[in-house]
Amino acid sequence: MNFITSCCRITEKNCLINGRIVAHKIEDSPESWFKQLYKHLALEYPKFYKMDMLSQAGFLASEYLKKEYPEFINSYADDEIALLFANQESSADTDIRFKDSYRDHKSPSPSLFVYTLPNIVLGELAIRNKLYGENMFAVLPKFAPDFFLQYGNILLSTGSKALMAGWLGVLDGKVEVSVFLVERDKDNRMPFSEENMIKCFSDQA
Amino acid sequence: MTFIGAEEIVGPLGQNIQENFMAVRENRTGITLANHAGFNNEDINLAKITSLEVKNKFEYLLVDVLDKISRKIDASFISSPKTIIVVSSTKGDLDRDISNPFEPSVRALTERFELKNQPLVVSNACISGVLAINAASNLIRAGAYDHAVVIGCDVISDFVLFGFQSLFAVSALPCRPFDKSRNGITLGEGCSAVVISNNKEIFETAPLELMPGTSANDANHISGPSRTGEGLYRTIKRTLEQNHISAQDIDFISAHGTATVFNDEMEAIAFDRMDMADIPLNSLKGYFGHTLGAAGIMETAVSMQMMRHDLLIKSLGYSESGTSKNLNITTENKSSGLNTILKTASGFGGCNASLVIRKL
């Protein structure tokens, strides 16, 4: 049996861990919401500032999960944690910026272009946490707990022992992020089910 | 057992698998010089389907290839509730709706063929095709579906061409994978599909066995290949181990071979680490260009044809070794028993994937 052992939800105003608000957007701050969260985490990872919004979203959610559950990454060998992520708009947030760079500013930006693939966030998470396991990024019309359940269970029965998985909806200031850790044979936790994924996904507090 | 067959390709070299394989056998390339295509209006070598001037080319190609597939298997399987369509693409139709690059085309495909299940879109850079085949195989082995059609498609756009130009990754001449003088990719476009099933009776032409594959990340850099080939090495190792086969069992490797200096070097290191340097190997990018999300499917389809004909196909554009580890790159077409083959792919985001196909 597989269990959701922690989940992180980031909306346009709040960041929640297992349903509990851990950060709230300061509206009159000169800093962006994601930068506020990065500072709140008090990390030293300057590469964060180079990332696009999609990668920042995945990075922030994963770091909040690690803060809540510090043993997670080191409980597994470096190829046992699979990354399974999806969204609806692919890398559109950065695609639009890259298109502007060559159409309006007459200079295609290589630093934007390298983020015009949705799976780049998986690379960022792999680099940060030294993960050499399975990767998949899917593009789906809407949040689909049935997909995560089906494919997540397949990954957990074909060699992977844990998942870092979730939905990374980021486009034009809209933020709809829900990332969860799934592990096998953990007692007293939420079963890995569609119902519990929906619960993680709908935490608004 | 999982079966793979009914391979199909639509691209600059032909409208179906027969035309494409005939061109490849004759060592003809689909790459031509496109006038004023570049960001600075310069001429660029591209493998473009010049005969196709349609609106919504991405959707057109998806429909066209699935229509062709439906004539190669019992067509009722396409719309069966036990069938899933998996679409592999990096950019979909971003010129149609940049904020929603896949959904309009996938919805049109769903309606046209009365598909019962929501298609799964895998968008994982240049490993999308191999990963999509592996995903379909996993879904079938887990019993979620009985059949899958895996379609890989990407079309050339200013967006992608200008992007690769901004990285100085586009070759001035047609690309030369693994060659000493290689200097970057040549972009291509096309659409390819394969059918995967737990039932070999659905195929009109005998299928091959698809062995479950794996993926692995380099955990090294988002746009630069690993200097040790770590992720590629790991995915090949895991794929072989989980199928209980060894490097000696592999008769041919269909490599990724983009023809950038660093990618091909990385692949050579990974194959060498796996003791695979003596296994015949090619890259098909010299024929089709780099078709991104379609590449893994297209190159698997050609490899399947190579197995059916027991014919090694020349790695077009290669003449002199240009990697620190020597590989056994096929320099001329050659008859050879191809019973078990390895297909690999690597891409931005540090991702790598592999799969094995074996004759029944």
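Helix α5(A) is largely enclosed by the rest of the structure, because 7 of its 10 residues are buried, that is, have 20 or more other C-beta atoms, placed from the backbone, within 10 Å of their own. The model is predicted: local features need pLDDT of at least 70, side-chain atom pairs count only at pLDDT 80 or more, and totals for chains, interfaces and linings use all residues. Residues are numbered from 1 along each chain as its sequence is written, and chains are lettered from A in the order in which they are written.

**Helix α5(A)**
- The buried residues are A:Ile120, A:Val121, A:Leu122, A:Gly123, A:Glu124, A:Leu125 and A:Ala126.
- Their cover includes α2 (53-68), β4 (81-87), β5 and β6 (162-171) of chain A, together with β9 (208-217) and β16 (351-358) of chain B; helices (H or I, at least four residues) and strands (E, at least two) are DSSP runs, numbered from the N terminus.
- A:Lys130, which follows α5(A), has a positive phi near 50 degrees.

**Contact between chains A and B**
- Chain A contributes 40 residues and chain B 44 residues, contact being C-beta atoms, placed from the backbone, within 7 Å.
- On the side of chain A that touches chain B, elements giving two or more residues include α3 (92-103), α5 (120-129) and α6 (145-156).
- Strand β5(A) runs antiparallel to β5 (residues 120-122) of chain B, joined by 2 bridges.
- A:Val139 has B:Val121 as its bridge partner in β5(B).

**Around B:Ile196**
- Beyond its neighbours within four places in sequence, B:Ile196 is in contact with residues including B:Phe3, B:Ile133, B:Ala136, B:Val150 and B:Leu210.

Definitions and conventions:
Contact = placed C-beta atoms within 7 Å. Pairing = 2+ DSSP bridges. Buried ≥ 20, exposed ≤ 12 C-beta atoms within 10 Å, placed from the backbone.
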